[in-house]
Amino acid sequence: MMMSILFHVLLLLLMPPLLLGVINKTKAAFAGRLGAPYFQPYYDLVKLFRKGSVFSSTTTWVFRAGPVVTLAATLVAALLVPLGNHPAIISFNGDMILFAYLFGLARFFTTSAALDTGSPFEGMGAAREVTFACLVEPTLFFILITLARMSKSLSLTPMLLYPSPTVWGEAGAAMLLLVGALFIALLAENCRIPFDDPNTHLELTMIHEVMVLDHSGPAFGLILYGAALKLFVLGAVFVNLALPFKTGNLLIDWALFVVAMLFLAVLIGVVESVMARLRMVRIPQLLVAATILSAFAMLLIVR
Amino acid sequence: MVFVWNIDVDPVGSLLWAITLIGLSGLPGLLLKRPGPGQILSVGITVCAALWGMAGALRILNGVPAKTYQLDWPLPFGPCELSVDPLSALFLLPLLLAALCCSLYGLAYLPAASQPAVEKRVTLFSGLLLASMALVLVARHGVLLLMAWEIMALSSWLLLMTDQQSLQVQRAGTVYLLATHAGTTALFVLFSLLKGETGSFAFPAAHSLALGSMVTLVMLVAALIGFGAKAGIMPLHIWLPGAHANAPSHASALMSGIMLKVGIYGIIRTVSFFQQLPVWFGWLVLLLGAVSAITGIALASAQRDLKRLLACSSIENIGIICIGLGMALVGLQSGNRVLAVLGLSGAFIHIINHALFKPLLFLGSGAIIHATGTRQIDRMGGLSRILPRTAPLFLVGSLAICGLPPLNGFVGELFLYFGAFSDGMFSDGMFSDLPLIGFVAPILALVGGLAVITFVKLYGAVFLGVARDPATAHGHEAPLAMLLPMGLLAGLCLIGGFGAPLLLQLVAPAVIQYVGVSPQLFAQIADAVPLQQISLVNGLLVAGMLVVWLIWRFLVQRAPVAASSTWGCGYLAPTSRMQYTGSAFSELVTGLISGLVGAQGQLSGLSGAFPASSRFVTVTTERILDQMIIPSLRGADWCLAWLRRMQHGHLHLYILYIFATLFVLMVWSQP
C-alpha cells in the first residue's frame, strides 16, 4: 500500500518531462532528423535550475509569485487524479470541481505575472490564454458531468476508473464523443499544435511561450516543469477514458499506464507533425466545436 | 411605539435599536455647526450599533427564539409587525458588516474637514439607506415594507447624486430614479393583490397562501419585476452600471454589496408565502439567473471604467445567486429536497460572499480613485508601487470574486455545482429526475472563465506593469481608516475559504427554515459537500506554494541575480504606452461576444498623402441597452407623447390631480 502510493507520487513527479522528450523525438522522426535525446527536457530543467535570474525592473512580487503559485496549484490538481488503476492520493466528492478551478487559479497567476512585465507581447499572450481557456472550460464540465452521470459518482477516482470495455460497448458513441472532445481540450489547454506551436519563433503568433518570455533561470524551469506536469495530468485523465483495460494486477496496470502515456505522447507528436497551427481566428471555432461534441455526449447519456 | 429594552433576552430588540441608531446617526452632524465632530460621532454610533446588531443577528442564527414586535401606528393599514427570522438575520448580518466598514471608510474617503457640505449629506443618507434596507428586512407588513422601500430608493438616489454638478451623474440619477419607481409600481400591484386576497397588508404565514392560478401568477410576476429590478436581474439591469459607477465608492459598496440583495430577499420572502408554486417559476428564475450571469460578466469584461466594470460584475453575481435560487425552487416544486437544499445553500453562501468581496473591491476602487483621480482603467498601471497595501487586498477580492480556491467565492459555487451534479446521485427516493439541471455546470464554468478574464484584466491593467499616463503615477497610499475596513473584508474572505464549514453554519438555519427539512436531513445532504476536505486542500495548496517558493528561493540565491528592463523582443526604446491596455486585453473576448457588447472605433482626419495628426476613439456599446431597451422606450415615448401635456410644471394643478384622483376613488368605493 505504502509502496504503491510512493510509486504513484514518484511517477507523478518524475515522468512528466519524459512526455515532452517523446513528443520531440516523434517530431524529429517525422522530419527525418535524429532529434534530441529522450531525456533532453530533464537536462534542460537541471541547466535552468542552476542558472542565474534576471528580473525586469518593472516587475513586483506578483511576477515572482506567478510560477510558484502555478506549479503549486498544478501539483495539488495532480494529486486528485488516479493514475492507471491506482486511485488518486486525495479523493473526495466534488474533487473534480476543485481540479478544474485549480487550473483557473494557475491561469490567473500566470497571466497576471505576464501583465506585470508591462511587455506588449506578454499582454497579448495573456489575453489569448485566458480567452481560449474560457472556451475550454465548458467542454471540461460537460465531460465531467457526463462521466459523473455514467459512473454515478462525484469524485474523479471512481469517475475515471469507471470506463471498461463493457461501458465502451454499451455507450460507445458517447464515450467516443467524450474522448474526442477531451483530446481537443487537452491540446488547447497544453498549448500544442493546432492551437499553439511550442517551437514557434515569432512572438506575435505565440500563446503560452510569449507569456513567459521574461522569466529566467529557476523560475523558467518551474514553468517548464509545471507545463509538463499539466500535460501529464490531463493526459492521465485522457488515457483513463480512452484505454479502459485493467487487469487487476497493480504492476501490470502501472506498466499499461506508462506505455499508454508514452503512446499518447507519440500521438501528440504525430498530430504536431502532420498538422499546421490554426489561424488565430479559427481557434475559438474549434473550441466551440469541442464544447458541442461534449454536449452531445451529455445528451446521449441523459436522454 | 414602545420597545422593551432588554439586551440579555431579546436579539430582535437589540437589532431594532441598532437599526434606529444607524438611521439617526447622521442627525447630530446636521445640528453641529463645526464640520468634523458630527462625522466622528456618526461613525462611532454606526460602528457600535452595527456590532450590537450583528451580535443579535448571530444569536438568532444560533437559534435564540425571536420575539415579534408590534408597531402601533395611527395609519389605517392595520397592525404592523416587526420580526427577525433566520432568513432576515442572514441578510442583516452582511448589511451591518457593510455599515461598519463603509462608515469607517467614509471617515477618510470623504473627510468632513475638506468637504463639509458633501460629508453631511452623505453621512445622513448613508445612515438612512442602511436603516431603510434593514427595515425592509424586518418588516412583516406590506405598507411598512413599501415605505422603507421608498426611503431606500430615495436615499440611495440622493447618495448617487453626491457629485450633482457632473452631467454623467445627473443622467445616471435620472435613469435610476425612473427605474426604481417603475419597479416600485410592480410592488404596489403585488401588495394590493395580497391585501385583496388575505384582507390585510400583514404578511401571511409561510406556505399559507393557496391561490387561484391567475392571482398567484400575477403576484409572482409582479414580485419578480419589482424586486428583480432592484436586484438588477437582466433585462431589468439598465440602471445599475451607471448608478453604481457614479456614486461615491463607499455608497457604491453599499448599493452593490447590500441593496441588490434586498431585492433578492424580496423575491425569496414573497415566494415563501405560497403553498404551491407553478413549476415553470423555478425554471424562469434559473434561466434569468443564467442569462444575467453570462451577460453580466460579458458586459463587465468589455468595460474600461473601473467602477462600471465592478457594477456589471454585480449583475453576474446576482445571476449566480438566482441560479441557486432557481435550483432551489425547482427542487421544492418537484419534491427534490436535495436540490432545494444545495441550491439554496449555494445562493445564501454566495449572498454572504458577494457582500464581502464586492464591497472590498468597491472600497479598493475608492482607494485607486483617491490616488489617481480617474476611473479609466486604460490610464492606470503599476499602481501596486504607490498602493502597496491596497494592491494585495484588491488581489484577494479579485481572486474571491472569480470563485478560485483557496478563497470564499469557491465555496458558494461548489454548492451550485453539487446541485448541478446531484441529479441521479442521491438515489434514496427523495428526488425526481431532472437531467436538465446538469446544464448549469457548463454555464457556471463559462461564467467562471469570463470572470477570470475580467479580473485579470482589471488587476493587471490597474496594479501591474507601469503607469500608462504619468498623471496617475504620483498618488499615495490610502489612510488607515480606508485600509482597515478593506483589511477586515479581505480577512473574512480568507476565513470563508480556509474555514469553509463556517459559511455553511451561517446559512444552515435559514435553509432549514425555508426548505422545511429536519436539521438531520439537512446535515445529511450538506455533508455530501466536502467542506472540511476543501479547507484541508486549501491548506495543502498554501503549504505547496510555500514549499515551491522555498525551493525557488534556494535556487535563485545560489546563482547571480540581475535587474534589467523588460525584454521587448529586440526593440530598444520601449515606452509605457506600448503595454497591453485593459481594452486590448479584452478585445479578443469582446470579438467573440459581439452580440452582447461591442467596441466601436472612430478614426478621424486621416486623408491625403501626408495626413495630419489624427485621433482614434473607441466606445464600448452595450447591445442590449442600445438595440433592445432604448428603441422600445422610444416606441413607448412615441405612443404616450400625448400624456406629456399633463406634465406642465404648475404645482396647483398637480394638487388638483391628487384631489381628483381621491375624489374619483371615493365615489367609486361608495356602495
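1. Helices (H or I, at least four residues) and strands (E, at least two) are DSSP runs, numbered from the N terminus. This is a predicted model, in which local features need pLDDT of at least 70 and side-chain atom pairs count only at pLDDT 80 or more, while totals for chains, interfaces and linings use all residues. Residues are numbered from 1 along each chain as its sequence is written, and chains are lettered from A and ligands numbered from 1 in the order in which they are written.

2. The overall form of chain B may be considered next. Its secondary structure comes to 24 helices and five strands. The radius of gyration of chain B, taken over C-alpha atoms, is 26 Å. The globule rule (2.2 Å times the number of residues to the power 0.38) gives 26 Å for 671 residues, so chain B is as compact as a globular protein of that length. The C-alpha trace of chain B spans about 90 × 70 × 50 Å along its principal axes.

3. A residue is buried if 20 or more other C-beta atoms lie within 10 Å of its own, exposed if 12 or fewer, and partly exposed in between, with C-beta atoms placed from the backbone. By this count, 54% of the 671 residues of chain B are buried. Two residues are in contact if their C-beta atoms, placed from the backbone, lie within 7 Å. Of the contacts in chain B with a separation of 6 or more, 79% join residues 24 or more positions apart.

4. A nonpolar core is a set of buried Ala, Val, Leu, Ile, Met, Phe, Trp, Tyr and Cys residues joined through C-beta atoms within 7 Å. The largest such core has 343 residues, and Leu92(B), Leu96(B) and Met133(B) have the most contacts inside it. Helix H13 (residues 337-372) of chain B gives the largest share of this core, 21 residues. Leaving aside neighbours within four places in sequence, Met133(B) is in contact with Leu95(B), Met152(B), Ile258(B), Met259(B) and Val262(B).

5. Is Leu393(B) buried or exposed? Leu393(B) has 25 C-beta neighbours inside 10 Å and therefore counts as buried. Its place is in helix H15 (residues 390-401) of chain B. Not counting residues up to four places away in sequence, Leu393(B) touches Leu360(B), Gly364(B), Met486(B), Gly487(B) and Ala490(B). The C-alpha atoms of Leu393(B) and Met486(B) are separated by 6.8 Å, although these residues are 93 residues apart along the chain.

6. The contact between the chains takes 70 residues from chain A and 66 residues from chain B. Elements that give two or more residues to the side of chain A that touches chain B include helix H4 (61-79), helix H5 (95-116) and helix H6 (120-151) of chain A. H6(A) supplies the largest share of that side, 19 residues. By class, the side of chain A that touches chain B has 43 nonpolar, 17 polar and ten charged residues. Here Ala, Val, Leu, Ile, Met, Phe, Trp, Tyr, Cys and Pro count as nonpolar, Asp, Glu, Lys and Arg as charged, and the others, Gly among them, as polar.

7. Strand E1 (53-56) of chain A pairs with strand E3 (residues 561-564) of chain B in the parallel sense over four bridges; two strands pair if DSSP finds at least two bridges between them. Ser56(A) stands opposite Ser564(B) in E3(B).

8. Helix H2 (residues 16-31) of chain A has 16 residues, and at 1.5 Å a residue it should span 22 Å; its end C-alpha atoms are 24 Å apart, which agrees. The expected span is 1.5 Å times one less than the number of residues. Among the buried residues of H2(A) are Leu19(A), Leu20(A), Val22(A) and Ile23(A). Their cover includes H3, H11 and helix H12 (250-274) of chain A. Just after H2(A), Gly32(A) takes a positive phi of about 75°.

9. Some backbone details deserve attention. The peptide bond from Ile193(A) to Pro194(A) is cis, with omega near 10°, and the bond from Met234(B) to Pro235(B) is cis, with omega near -5°. Pro194(A) lies in the loop between helix H9 (172-189) and helix H10 (208-211) of chain A. Cys191(A) is found in the loop between H9 and H10 of chain A and has a positive phi of about 55° although it is not a glycine. Cys191(A) counts as buried, with 22 C-beta neighbours inside 10 Å. Lys152(A), whose phi is near 50°, is exposed, with 12 other C-beta atoms within 10 Å.
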